[in-house]
Amino acid sequence: MAVVFDKPHSLIDVPLHYCPGCTHGIVHRLVAEVIDELGIEGRTIGIAPVGCSVMAYDYFNCDMIEAAHGRAPAVATGVKRADPENNVVFTYQGDGDLASIGMAETVHAAARNENITVIFINNAIYGMTGGQMAPTSLPGQVTQTSPYGRDTKHCGYPIKVCEMLSELEGAEYLERVTVNSVKNIRTAKKAIKKAFQNQLDGKGFSLVEVISSCPTNWGMTPQAALKWIDEKMIPYYPLGCYKDRSAEKEAE
Amino acid sequence: MADKVLMKGNEAIAEAAIIAGCRHYFGYPITPQTEVAAYMAKKMPKIGGCFLQAESEIAAINMVYGVSSTGKRVMTSSSSPGISLKSEGLSYLAGADLPALIVNVQRGGPGLGGIQPSQSDYFQATRGGGHGDYHMIVLAPASVQEMAELTVKGFELADTYRMTSMILADGTMGQMMEPVSLDFDIKPVPEKPWATTGTKMEREHNIVNSLYLSPEKLEETNFERYEKYKYIEENEAMYEEYMVEDADIVVAAFGIAARVSKNAVNEARARGIKVGLIRPITLWPFPVAPFKKAAEHAKKFISVELSMGQMIEDVKLATDCKVPVTLCNRVGGMIPSPEQVLEAIVEADGGVK
């Protein structure tokens with residue numbers, strides 16, 4: 001009998017700890033499918049962050065390293081430089097990890113065009129610690145630490161990571177996707193695959209920002225959360241490719 | 001015997017690291033250790049190694065964490081304020097049982113402090129520095145030759161015990177030039193089956209990690225790690241004894257303070273004072289045995305330090321506070337003169353009579 005659906009080999013068959021309706025599971029699967037399709041599981045080393053995906057090291061079948069909060073791009077730099085010909089290195093980071101405490105590591109890894117793949121989950125909140133304001137929380141967004149809504153006069157504006165990094169000469173590829181519909185999931189997978197392929201081709205720093213949902217800390221049903229992505233998140237964080245240096249060069 | 005070359009202490013560390021097989025160095029500029037980075041920047045590209053100037057001390061230590069996870073020898077160097085920044089990473093390295101060599105060419109503190117020599121990071125180094133229960137092997141060179149030798153030794157100990165070794169030097173050691181022999185017998189690097197080198201689809205995945213959400217498991221891990229520390233304490237302590245056998249007074253000093261103290265001891269001996277010197281070479285594990293033994297006959301100890309008195313606590317612990325220990329010190333980048341140490345010895349001798 002033909003197999004029409006299977007679990008990716010590079011995703012371990014264990015229950016994930018994520019909340020119902022959380023999109024981490026989808027993104028994990030997409031990353032694992034890409035690793036399978038590219039046949040790179042045996043030489044891939046993943047770096048897990050601090051945050052909701054801290055235990056990603058228990059879910060991916062490739063070698064995994066747990067980094068300190070925000071330091072994944074620096075750890076990835078070390079792993080990549082240890083054996084640039086063999087090691088395929090990806091980091092999997094949330095918005096607090098990548099865009100707040102680890103912003104320096106993110107920016108400089110991009111500036112160096114470090115030949116790594118970064119999967120950036122932006123759900124506009126600190127999930128693991130129970131729903132605090134993130135560097136990407138929207139203006140007016142109610143969180144545990146912005147109980148009256150994010151007041152931009154008091155704590156400034158959310159950071160648009162792809163737009164910001166696109167100004168750097170070093171970064172190779174920056175794309176923002178989401179996973180709130182089948183169509184969007186397909187687009188997201190293409191972007192993730194490209195971000196890994198770029199590394200295999202030696203093209204350099206490739207980051208895919210995935211606009212994700214957090215029904216638990218947003219205080220919504222999973223369905224309402226997916227709708228909120230369309231209505232609130234995407235207007236602030238427009239989807240699309242923000243930089244594709246190789247394609248731009250070819251176009252010239 | 002190979003020829004000796006004239007080198008700065010910092011350069012001797014860099015060259016010895018390369019000889020020991022280190023091909024990855026990450027650092028961030030800070031005085032007075034800059035020569036280590038400069039040497040690596042010149043040398044590494046020529047031998048297929050990697051020198052990378054990181055965006056911060058924090059990034060540098062995490063790059064070290066990354067390379068170490070793959071099982072390769074790796075190092076970073078810095079000076080006091082930079083080591084404070086690296087301390088987060090030092091804790092994670094300890095928690096993940098990763099080997100690495102860290103060099104601290106100390107300067108005066110606290111805060112930005114100064115750029116002149118100091119030994120005031122003794123507590124930070126010997127007690128771990130970062131959060132949680134852990135130790136690093138702390139090596140205190142007192143010559144350029146030892147800067148090189150202890151670098152090699154540091155890598156070997158780190159790999160043997162899967163933990164970080166720190167060279168705790170100071171600005172004087174880093175900057176001064178002496179003839180040094182770089183003829184080392186490098187032992188083979190132990191197998192590292194735990195390293196994240198890619199599974200090659202031949203084994204279960206390896207995980208480098210310091211997170212244990214089960215308190216039982218975390219406790220067990222800490223207990224196991226401290227069993228290892230106990231073994232190291234019993235087997236790896238290094239020290240130099242100088243005229244201690246019949247001493248009434250024992251000077252304790254490491255690094256540059258020990259060199260100054262040795263002069264003072266010689267002068268005091270010439271004056272007929274029975275004084276000796278114990279120079280700890282490992283600060284952790286602290287060489288307890290020679291102090292315990294000396295406390296059986298010595299009536300006074302003097303701890304000579306470039307700090308407000310940090311090692312003095314370990315001297316008191318090692319001697320079970322059986323004999324008085326006084327402090328002879330300068331701080332802030334100042335170094336005690338042999339005369340100052342001699343004065344302390346003479347004063348202690350007056351008490352003896």
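A: The contact draws 30 residues from chain A and 32 residues from chain B, where two residues touch if their C-beta atoms, placed from the backbone, lie within 7 Å. Keep in mind that this is a predicted model: local features need pLDDT of at least 70, side-chain atom pairs count only at pLDDT 80 or more, and totals for chains, interfaces and linings use all residues. Residues are numbered from 1 along each chain as its sequence is written, while chains are lettered from A and ligands numbered from 1 in the order in which they are written.

On the chain A side, the elements giving two or more residues are strand 1 (44-48), strand 2 (63-66), helix 2 (72-82) and helix 4 (103-111); helices (H or I, at least four residues) and strands (E, at least two) are DSSP runs, numbered from the N terminus. Helix 2 of chain A brings the largest share, eight residues.

Strand 2 of chain A also pairs with strand 9 (residues 207-208) of chain B, parallel, over two bridges; pairing takes at least two DSSP bridges between the strands. There, A:Ile65 sits opposite B:Val208.

Now for the sheet in chain B. Its seven strands form an open sheet in the order 3-2-4-5-7-6-13, with mixed pairing. Strand 3 (50-53) and strand 13 (282-284) of chain B are at the edges with a single partner strand each, so one side of each has no neighbour in the sheet. Strand 13 of chain B runs antiparallel to strand 6 (residues 137-139) of chain B, joined by two bridges, and B:Val138 stands opposite B:Trp284.
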